[in-house]
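These are my notes on one chain, written down in the order I looked things up. I start with terms and then go to the structure itself.

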Amino acid sequence: MSDNRREALEALRDVIRDGVKYETMGHTRMCQKAFPKPDDFDGSREAYANSAAQQAVLVWRNGDINAAVKLIETVLPGWDWLLTNEGKHAGEAEGPVASLARPDLGPDDTFICSSKTPACALLLSILSALISETPKGETP
């Protein structure tokens, strides 16, 4: 995989959208490439546990809604999110639907995704929002 941040976000989105089950260290590395360590990362267990990459792992592996909300607060602070129980959006998997929007943008800037679990629906919305804001060729 490339060092390109946008490509890393797109690759992670694609495997989660395709319903790939989290199983390997390679999946952890995908999350780490999509959510690189911040400049002030100190390498401690606490910093790792609270990292965006670890939150993405917890969402994907465990279906952890709390981790999804923490990830939103970390990478998209101030954005609004909503989950509904069942539905289908734009040819995606039928199941819970998540929408994510920055309050100062219009309805065309709302990211709506569905997945088999609410947490993964939120993660897909997060990834879609980040992809839209990440220029092609940007590296972590």
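The model is a predicted one, where local features need pLDDT of at least 70 and side-chain atom pairs count only at pLDDT 80 or more, while totals for chains, interfaces and linings use all residues. Residues are numbered from 1 along each chain as its sequence is written, and side-chain values use heavy atoms, with hydrogens and water left out.

**Entry 1: Phe35.** I looked up the neighbours of Phe35, not counting residues up to four places away in sequence. Phe35 touches Arg5, Leu12, Ala52, Ala53, Ala56, Leu71, Val75, Leu127 and Leu130.

**Entry 2: the chain as a whole.** I took helices (H or I, at least four residues) and strands (E, at least two) as DSSP runs, numbered from the N terminus. The protein chain has six helices and three strands. Along the sequence they follow the pattern α-α-α-α-α-β-β-β-α. Of the contacts with a separation of 6 or more, 50% are between residues 24 or more positions apart. For burial I used relative accessible area with a 1.4 Å probe, protein chains only: buried is under 20%, exposed is over 50%, and partly exposed is in between. Of the 140 residues in the protein chain, 41% are buried.

**Entry 3: the nonpolar core.** A nonpolar core here is a set of buried Ala, Val, Leu, Ile, Met, Phe, Trp, Tyr and Cys residues joined through side-chain atoms within 4.5 Å. Which members of the largest core touch the most other members? They are Leu12, Ile16, Phe35 and Trp60, in a core of 38 residues. At least two residues each come from helix 1, helix 2, helix 4, helix 5, strand 2 (97-101), strand 3 (110-114) and helix 6. Helix 6 gives the largest share, 11 residues.

**Entry 4: Ile16.** I found Ile16 in helix 1. Ile16 counts as buried because its relative accessibility is 4%. Leaving out residues up to four places away in sequence, Ile16 touches Trp60, Cys120, Leu123, Leu124 and Leu127. Ile16 and Cys120 are 104 residues apart along the chain, and their C-alpha atoms are separated by 7.3 Å.

**Entry 5: helix 4.** Is helix 4 largely enclosed or open? Helix 4 is largely enclosed by the rest of the structure, because nine of its 11 residues are buried. I listed the buried ones as Ala52, Ala53, Gln54, Gln55, Ala56, Val57, Leu58, Val59 and Trp60. These residues pack against helix 1, helix 2, helix 3, helix 5 and helix 6 (118-133). After helix 4 comes Gly63, with a positive phi near 65 degrees.

**Entry 6: aromatic pairs.** Rings of Phe, Tyr and Trp (its six-membered ring) pair if their centres lie within 6.5 Å; planes under 30 degrees apart are stacked, over 60 edge-to-face, and the rest tilted. I counted two pairs by this rule. One of them is Tyr22 with Trp60, edge-to-face, at 5.4 Å centre to centre and 80 degrees between the planes. Tyr22 sits in the loop between helix 1 and helix 2 (25-34), and Trp60 in helix 4, 38 residues apart. Both Tyr22 and Trp60 are buried.

**Entry 7: Lys21.** Lys21 also lies in the loop between helix 1 and helix 2. Lys21 counts as exposed because its relative accessibility is 60%. Lys21 touches His27 and Trp60, not counting residues up to four places away in sequence. From Lys21 to Arg61 I noted 40 residues in sequence and 7.3 Å in space, C-alpha to C-alpha.

**Entry 8: the largest pocket.** On a 1 Å grid over the protein atoms alone, a pocket is an open set of points where a 1.4 Å probe fits, with protein on both sides within 12 Å along at least five of seven lines; lining residues have an atom within 4 Å of a point. Grid points are joined across faces, edges and corners, and a volume is the space filled by probe spheres set on the points. The largest pocket holds about 340 Å³. Its lining has 17 residues, with Pro36, Lys37, Pro38, Ser51 and Ala52 nearest the centre. Helix 3 (45-49), helix 4 (52-62) and helix 5 (65-75) each give two or more residues to this lining.

Terms used: Contact = heavy atoms within 4.5 Å.
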